[in-house]
Amino acid sequence: MQLDIVVAFFILGMFSTLVGAKIDFPKGLYQSCVLFLLLAIGLKGGYALSNFSGADLLPQSLAVLGFGFALPLIAFPILYWVGGWSRVDAASTAAHYGSVSVGTYAVGVAVLEAQGIDYEPYFPLFVALLEAPAIAVGLLLAIQNRSQLRVKELAHEVLFNQGVLLLMGGLIIGFWAGDRVQSVLPFFGTLFHGVLALFLLEMGRKAASRLHELKSQSAFLVSFGVVMPLIGALTGGILGYLLGLSTGGVTLMAVLGGSASYIAVPAALAVSLPQANLSLSLTASLAITFPFNVIVGIPLYLGLTRYWSG
Amino acid sequence: MTNRQLIFGLISGLVIAISGAFLAKENVITWLLSMAGSAMIVLNLIVWLMTRKSQQQKSAMAMATVTHQPEAHPSGS
């Protein structure tokens, strides 16, 4: 099985930081890549959804939403009882692992497209649906005194964070515009893999620069950062299979289950759970789980789905 | 590093290494998963040994401090 070309850019980014090479990657360019990827995924999904006429979408969406609530409940006991972490840190990290990473999803899509494997066109809807529930569950696990919960701020951050807003916005515009999307597709469609490569170059640098923060928690953080995506991917894969998704769909559901958020959840928790040590969860999701998924996880999920589906 | 963390790391590393080796033998995936599992086992053992060593050093230093302290004499006698 060959390594996908976009993954090579991630490895290049990690290598450059590890050897101390200076790459002047403008902060604005990284933000632009994030905006581009969110809008492109949303638009493509919305356009595909406008041509889709299936009755399965509602029950599937509800099942995916339930999956989003369940994932942090799997992660929390491992961190709290096995890891011996404080309630707040365990809950905050569980929220990261219950939510999804759009970057990992984009790599999954790129790998499937490169190999010519079809997947359900409405998957961006599932990505958006999986962004928020974990944040709510994480907060409920962390806060024992419900009066501490700042519901208004939290609801705003959960529903209108950059990830959810741009994904859902793109999805709605694509759905509403239908074939008129073709006028912007040369930009959002053709450039997708190139922008993803740039994004992964910077992600590789970010992941490598966080490695030194492992310190005393290193062994457990590494173990959790590898085990949790495998549990999430297995659960996601089984859910995808039960929902009757295609090979590509089951793979993407495993990718979503195995990924951990590093953009939307930290932003939301910084507002609503300021006492949480976000450095722990960010190091786990960015420096361990993201590289693991990109290099080992995605080929594994695809290989296993193909193996089981014959 | 606690014993629970060590056991978690060792067991999960072993399961990942063995299943990775099986899948790689069946040509489903490359050997990377098996290598990741093995690396987890090694890392957990190294960190556990380092933690144990530093704890032993700390307790030895504490013992040395206690034995070198002068005995307290009751005042006013």
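Reader: Is the crossing of H5(A) and H11(A) left-handed or right-handed?
Author: In this predicted model, the axes of helix H5 (residues 102-114) and helix H11 (residues 192-210) of chain A come within 11 Å. Where H5(A) and H11(A) cross, the crossing is left-handed.

Reader: Are H5(A) and H11(A) oblique or parallel to each other?
Author: The axes of H5(A) and H11(A) cross at roughly 135°. Angles over 145 degrees would count as roughly antiparallel, and 65 to 115 as roughly perpendicular. H5(A) and H11(A) are therefore oblique.

Reader: Which residues of H11(A) make the contact with H5(A)?
Author: On the side of H5(A), the contact is made by Gly103(A), Ala106(A) and Ala110(A). The residues of this contact comprise five nonpolar, two polar and no charged. H11(A) contributes His193(A), Leu196(A), Phe199(A) and Met203(A).

Reader: Which element gives the most to the side of chain A that touches chain B?
Author: Between the two chains, 19 residues of chain A are in contact with 19 residues of chain B. On the chain A side, the elements that give two or more residues are helix H12 (218-242) and helix H15 (278-309). The residues of that side divide into 14 nonpolar, five polar and no charged. The element that gives the most, with eight residues, is H15(A).

Reader: What percentage of the residues of chain B count as buried?
Author: Chain B has two helices and zero strands. Among its contacts between residues at least 6 apart in sequence, 52% join residues at least 24 apart. Of the 77 residues of chain B, the buried share is 21%.

Notes: Residues are numbered from 1 along each chain as its sequence is written. Chains are lettered from A and ligands numbered from 1 in the order in which they are written. This is a predicted model: local features need pLDDT of at least 70, side-chain atom pairs count only at pLDDT 80 or more; totals for chains, interfaces and linings use all residues. Two residues are in contact if their C-beta atoms, placed from the backbone, lie within 7 Å. Helices (H or I, at least four residues) and strands (E, at least two) are DSSP runs, numbered from the N terminus. Ala, Val, Leu, Ile, Met, Phe, Trp, Tyr, Cys and Pro count as nonpolar, Asp, Glu, Lys and Arg as charged, and the others, Gly among them, as polar. Axes are lines fitted to C-alpha atoms, for helices over the stretch in contact, and angles run from 0 to 180 degrees between N-to-C directions. Angles under 35 degrees count as roughly parallel, over 145 as roughly antiparallel, 65 to 115 as roughly perpendicular and the rest as oblique. A crossing is left-handed if the near helix is turned anticlockwise from the far one by less than a right angle, and right-handed if clockwise. A residue is buried if 20 or more other C-beta atoms lie within 10 Å of its own, exposed if 12 or fewer, and partly exposed in between; C-beta atoms are placed from the backbone.
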